[in-house]
Amino acid sequence: MAEPVLTIRDLRLAFGSRRRQTEVLHGISLHVRASEKVALVGESGSGKSVTARLAMGLLQEAPTTHASGSIRFDGIDAIKGGREIARRRGNRVAMIFQDPTSALNPTFKIRGQFREVLRSGNPAISDADADRQAEAALAEVSIPDPKRALDSYAFQLSGGMNQRVMIAMALANRPALLMADEPGTALDVTVQAQTLKLMHELTEKRGTAVLLISHNLGVVREFADRVYVIYRGRIVEHGTTAQLFHEPRHPYTRALLAAIPKISGGGLPDLPERSPDFENPLIVHEGCGEPAGAIA
Amino acid sequence: MIWKSLLHRIGAALIVMVGISMLIFAIARVMPGDPARIALGPNATAEQVAALRAERHLDAALPVQYWEFLKALSRGDLGKSLYTNRPVTTDIAQFLPATLELCIISAILMVLIGLPLGILSAHFRGRFPDHLGRLIALIAVCTPAFVWGVILQLCFGYFWPIFPIEGRLLDSIPVPQGPTGFYLIDLLVAGNGAGFLDALHHLVLPALALAMSGLGQAARLTRSNMIDVYEKPYVEMARAYGFRPWRIATRYAFRPAFIPTLTILGLEFAAMLGNAFLVEKVFGWPGLSRYGVEVIIRKDLDAIVGTVLIIAAAFLIMNIIVDVLVSIINPRIRLAGGRG
Amino acid sequence: MSEPGSPVIAKRSGSKAWQAYRSNPLSVAGLVIVAVIVFMAVFADYLTPFPEHVGPIGDFAAMNMGPSETYRLGTDTMGRDLFTRIIYGYQLSLIMAVVVLAIATPVGVIVGLVAGYKGGWTDYVLMRITDIFLAVPPLVLAMAIMGFLEPTLLNGMLAITAMWWPWYARLIYNVTRAEAQEGYVLAAETVGASTMHIIFREILPNCWPSILTKMTLDVGFVILMASSLSFLGLGVQPPTPDLGSMVAEGAKYMPDAWWLSVWPAIAILIIVLGFNLVGDGLREAFEAES
């Protein structure tokens, strides 16, 4: 089996001042192998987004975050943040955001932002070369008129278009790992499905590893090889997608599975408690206290 | 579409201008005391006062007086200054360029110092450069322009005399004759390099004194707007894609933060036109503001009305320029309605 | 009636706001500065070493002296103690600021509330009038008014008041326009509350944080403006101790008698800074609360 590109061990994260801290991640361990598609699934507030941001070194700089444990990416330790991981951002690791339109700067044309992205992979690239590569990348994500898209601002393009632009930017420097934080959740379901399909095709073709962050197991089923289920800052279950869907072990996973809307109708079963308050949890899902024998 | 909104702005400015002329006219005429008597001083004879009253239509009803005033204004006639004994327009044409030159250099200093100070503060938020930058900005805002003038004179004019503290040029340099009245431009046009440098040398202290409060405000606004922008997803995106932090600060976060700041910079420029009165007094700067103080102290009616109108007009023009700039740098406004 | 739905400052919330205020050492420093200055100004007759130096006469044997044991900050050209005159200058400045704001704030707030809530022609006329005042640099307008009046304390306050209210009108207009869209206003309209009730009982309470913050900051800025006017010779006349005219007077004796202008100049800076720090602290406190 291929080498892991990302290995997270016993990752803990606390927010707050030095005196008063609230731990939100209680020892997360996961790994993503080269060209593997892994999903991290949990409800909002479960800690899935901060895990991804920590792995990219985006949170460590803030004085109110305190992280411990180990994050190994590309042979370096990313837990401390700093230059090493910063140099790999946009280059060896890239990220796709929930709302593509607000993730693009409203005061710069796509062209300028695309150039900057390509520069973080190759600082010496000329504007002309960057533009050529950008056009090619946009054509690859089936944007009909790449030149025109490059000369547009994000607010002039549709959400689906921007999502494609983001995917093109993310893959432009051929990263080893792509983080996708609920890609397209802000868009309508059809567009969301299209972009996921596109992302799947392109990463498959290039052998890019993907860590997909989602609250929706239905989305994950189509996409991922393996799934981690995160609940209240802990990985409660983990296995191949097939295993997880056929014999979910943890009650929380079963609740998530039940929450997938079915064509046959029957509506959306509610989770009893959707946004746990980390300081004083009012309700804990019945039987959710302990992990269901993690599969290594 | 820019043209349509520009026309709209100019129309609104004209309405405000008419309002200002009424306001200042009302202030000048409604205040207690006989303006003719005030203007001529206690030693004038009753005949002289009566003659002036007749000449200025002071015995007519207020609307009639205002109408006469407007008629004269439409001919470009702002009346006559009793202090210089010349048409007010001549005085203004002579003194306005000095004030504008001072204000424009101050505005440039405000932008060149204030914005980087704000960017530094935001970039190093919560750390030492931020605390220092905020303190400097706060003190700059809280100190009146004349205090800055006095302090700068004391420090760089007396104790460490590296800058001149009075006037626009050394006596040894011939005063440039036109075409703009801006010494920097005129001396450059005349090919007088030494004169140009001397004019610049004379500008440093007054321009800095005048710029302080605006640059403090600019730094504070830039900082807070940048901090708002730092929370935006597109800044996180920029970091996630490995944009260099300094490049984010000076480019990707700065541009969106600058758009709301620019509007306020326009207001700060207006405040400069007012504060120029203080700075010109401190530095003996022969500009419109010093003229304004003189005519106000001498109750020189027409001159006061003319000065206020010109300053208001300069302010309104400045506001329109700022609006146009905002719509140029903000693509959302620039492109609104422009497509399709 | 006190509507449960309206986001008026809750009774209990005082402590939270105070906590936020206290957590910033600069805000606390501002409060200390302001408290000390106000205390000294109020009890100037008892706290200053030479209260008799308020008038034109000082100690002729000690004219133009630099800082010394007896005269901590030095004396002016009349032999008057600078420290004493600065404290009395504070007294005058504070009185001016209080009077100006006591008149300008209600006028501006009412104009802003009415224009913002009524809309239509009322809005158009009131706000265009406000714009006219805002289109002249504040100092210039005050100067122009002073140009036609005798330079007295009362007239100075009048001139500053005339140019100060429009800023409140503009501020409250914007707040009112936003608040008028809120559910609690619509609810009150639906149950047929009168315009007066809605403006003063529903909208006004939500403007208080903005008004209080601006007033605090403005105490400093009114003092700054008043000292600018008197620096130009358009304010209070001698021998009344006034910080702005002290700086102007002292500037004539630069650089030898530097203390004549430097101390009053620093005095202006300190009081404006103090009120600014308190104002900024208040703003943060109100924000922390909401």
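Trainee: In what order do the elements of chain C run from the N terminus on?

Mentor: Start with how elements are named. Helices are DSSP runs of H or I with at least four residues, strands are E runs of at least two, and both are numbered from the N terminus. Chain C runs α-α-α-α-α-α-α-α-α-α-α. That gives 11 helices and zero strands. Keep in mind that this is a predicted model: local features need pLDDT of at least 70, side-chain atom pairs count only at pLDDT 80 or more, and totals for chains, interfaces and linings use all residues. Residues are numbered from 1 along each chain as its sequence is written, while chains are lettered from A and ligands numbered from 1 in the order in which they are written.

Trainee: What does the C-alpha trace of chain C span along its principal axes?

Mentor: The spans are about 75 × 45 × 30 Å.

Trainee: How many helices and strands does chain A have?

Mentor: Chain A has 10 helices and 10 strands.

Trainee: Which strands of chain A form an open sheet, and in what order?

Mentor: First, the rule for pairing. Two strands pair if DSSP finds at least two bridges between them. In chain A, four strands form an open sheet in the order β2-β1-β4-β5, with antiparallel pairing. β2 (21-33) and β5 (76-77) of chain A stand at the edges. Each has a single partner strand, so one side of each lacks a neighbour in the sheet.

Trainee: Over how many bridges do β1 and β4 of chain A pair?

Mentor: Strands β1 (4-16) and β4 (65-73) of chain A pair over eight bridges, in the antiparallel sense. You can pick out one bridge yourself: A:F15 has A:T65 in β4(A) as its partner.

Trainee: Which helix packs on the sheet?

Mentor: You need two rules here. Residues are in contact if their C-beta atoms, placed from the backbone, lie within 7 Å. Axes are lines fitted to C-alpha atoms, for helices over the stretch in contact, and angles run from 0 to 180 degrees between N-to-C directions. Helix α1 (48-55) of chain A packs on this sheet and touches β1, β2 and β4 of chain A. The direction of α1 makes about 115° with that of β1(A).

Trainee: Is A:S142 buried or exposed, and why?

Mentor: Count the other C-beta atoms, placed from the backbone, within 10 Å of the residue's own: 20 or more is buried, 12 or fewer is exposed, and in between is partly exposed. A:S142 is exposed because it has 10. A:E182 is buried because it has 20. Of the 296 residues of chain A, 46% count as buried. For the 290 residues of chain C, the figure is 49%.

Trainee: Between which chains are the most contacts?

Mentor: Two pairs of chains touch, and the most contacts are between chains B and C. That contact takes 36 residues from chain C and 41 residues from chain B. The largest share of the chain C side, eight residues, comes from α6(C). To sort that side by class, count Ala, Val, Leu, Ile, Met, Phe, Trp, Tyr, Cys and Pro as nonpolar, Asp, Glu, Lys and Arg as charged, and the others, Gly among them, as polar. The chain C side has 27 nonpolar, seven polar and two charged residues.

Trainee: How many residues of chain A are in contact with chain B?

Mentor: The number is 24, in contact with 16 residues of chain B. On the chain A side, α3(A) gives the most, with three residues. By class, that side divides into 14 nonpolar, seven polar and three charged.

Trainee: How far apart are the closest C-alpha atoms of chain A and chain C?

Mentor: They lie 13 Å apart, and no contact joins the two chains.
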